[in-house]
Amino acid sequence: MSAIEQTAAPVGDTATAPDGPAIVRFDHVTHWYGNVVAVNDISLELGPGVTGLLGPNGAGKSTILHLLSGFLNPSRGSVTIAGVGPWRHPDVFRTVGLVPERDSVYAFLTAREFVTASAKLHGLPDPKAAAERALELVEMTPAADRAIQTYSKGMRQRAKVAAALVHDPKVLLLDEPFNGMDPRQRMHMMDLLRGLGAEGRTILFSSHILEEVEKLADTVQVVVAGRLAASGDYRTIRRLMTTRPHVFLLRSTDNRALAGVLIKSAAVQGVELTKDGLEVHASDHGTFTRELAKVSRAAGIGLREVVPSDESLESVFAYLVGS
Amino acid sequence: MYNSTVAWITFRALFGRKRALLFVLPALVLILLTLALKGAHGTLADWPALVLGRVGVGAVVPLTALLVGTSVLGSEIDDNSVLHLLATPVPRRDVIISKCIVSALVTTLFAAVPVLVAGIIAQGPHSLAFGCFLGAVLGSIVYSCVFVFISAALRHPVIYSLAYVALWEELISTLVGGAKYLSVEQWSLGLAHSISGDNNLGSHLTMTPSLVLAVIAVVVTVFYASERLSAFTVRAD
């Protein structure tokens, strides 16, 4: 049994909405770009609250969001929002707000013009009032009369969020919403999204940064290589990520002797002699890194190189799916 | 049907790009050519019909419509800003109709009006000038719909639109007898000829088939462009 199956929704089962009735449903959805499988047999249900879509770059997060917003047609399976398939149904945007990842926006407009235009396109009865409310929500009122092309990336992002929120949607989809934001803007956006989730809206945002998801999301959907690798409470998934074995490559003045010393440590699961040095599998990253220098010095062995070989997020995700 | 917000954004986008400077170039060439020929030949020769027909209706109108028509939608699709327009409940048909209207109006301003001006420079307020102007307006409308359709249906719309003008309008429709019935240039010249009665325009059609075929072309291209935009997909990175 893989690590995921022990602790979270097994791959292939439907990841269910944690609170309230599901409004967003993926039923065995697969999507190909030509011969490349971008999303592979994903089933999930999302209800009110904030859900993080976590995965490395290229995992299929944007594809999932585009399938939800009707900009891609599932090759297999079905996607529904409030019972309606979004593909070729623009009316779904009465319920859905979308914040695309790409920094493509009508840069020649001011934020006020952009958000007001969005309100008009949604057919709101008082587009100016709706635009002011949305700009206020994202703290963009003071800069709202400047052309978007003069904004920082974070400000552009907030203008896009205001345009997506202007019609008060029940479902908000955000593709990497924190890209380019400074810490204060990020915190404010997190508070905003948390508040919207607490009001009963279904918020789904994608991120490849674990800490963002951890701070904001009630639940997490982990996507790796187009598959739903884990689903559920972020604490469970986080624990998996921190207790996974960490691999270090070491070179020392006496690799064989160092291997003998390290294998006695409780923080070390295994040691392997390679032609360049040692490959150490540590079960506890913190304890191992603290002990390494101490035990090698005590044994009279000089450390020449210590390289953590699997620190990338991809390797964490790869561990999660047991590959 | 017509959405004023879509049209407003389209206008702003159209004139917010440097490409808008190119819109005046074909018209400028036409006016300068007309002034030069007027200086050389006066109003006696048959050059006005050739210039207004071949250069004005046959080249300035399609080139301007190409520049404008591929900008109103193709540029937004290229830079993905169209996502903000499509992430709204506005029917895709309304988006297409609004963009076609903007394209037709701007093409009329930058191509058909210069044809009228060139005609007046050549012969004064004569029926040839008004005939060619109305023919150019018809061409502005139909070409706009064709190029918006190409933008909605194909990547790299400028290349396909250029190929359409060069191969179909300028080559095949002049060499293959039946192709004249499917040539926007011929429909425009058919209308211009019916109004002006000038046989030097090189028209092969009369007014009724020209107008009927133009209306069919507008309906078909708007319909299929709407269908294509309804099935708009985001490209994989």
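Here are some notes on this predicted model, for anyone looking at it for the first time.

1. A word on reading the model. Residues are numbered from 1 along each chain as its sequence is written, and chains are lettered from A and ligands numbered from 1 in the order in which they are written. As the model is predicted, local features need pLDDT of at least 70 and side-chain atom pairs count only at pLDDT 80 or more, while totals for chains, interfaces and linings use all residues.

2. Chain A in outline. Chain A has 11 helices and 13 strands (DSSP runs numbered from the N terminus: H or I of at least four residues for helices, E of at least two for strands). Of its 323 residues, 44% are buried (20 or more other C-beta atoms within 10 Å of a residue's own; 12 or fewer is exposed, in between is partly exposed; C-beta atoms are placed from the backbone).

3. Where the chains meet. The contact takes 26 residues from chain A and 22 residues from chain B (contact: C-beta atoms, placed from the backbone, within 7 Å). On the chain B side, the elements giving two or more residues are helix H1 (4-15) and helix H5 (82-86). H1(B) gives the most, with 4 residues.

4. A sheet in chain A. Look for 4 strands in the order S11-S12-S10-S13, forming an open antiparallel sheet (strands pair if DSSP finds at least two bridges between them). S11 (268-273) and S13 (303-308) of chain A each have a single partner strand, so one side of each is left without a neighbour in the sheet. S11(A) and S12 (278-282) of chain A pair over 5 bridges; one of the bridge pairs is A:Glu272 with A:Glu279 in S12(A).

5. Helices on that sheet. Helix H9 (255-262) of chain A touches S10 (246-252), S11 and S12 of chain A, running at about 165 degrees to S11(A). Helix H10 (285-298) of chain A touches S10, S11, S12 and S13 of chain A, at about 170 degrees to S13(A). (Axes are lines fitted to C-alpha atoms, for helices over the stretch in contact, and angles run from 0 to 180 degrees between N-to-C directions.)

6. The cores. The largest nonpolar core has 142 residues; A:Val115, A:Ala159 and B:Val148 are among those touching the most other members (a core is a set of buried Ala, Val, Leu, Ile, Met, Phe, Trp, Tyr and Cys residues joined through C-beta atoms within 7 Å). Helix H7 (127-153) of chain B gives the most to this core, with 17 residues. Apart from this core lies another, of 12 residues, including A:Leu250 and A:Leu292.

Key
Two residues are in contact if their C-beta atoms, placed from the backbone, lie within 7 Å.
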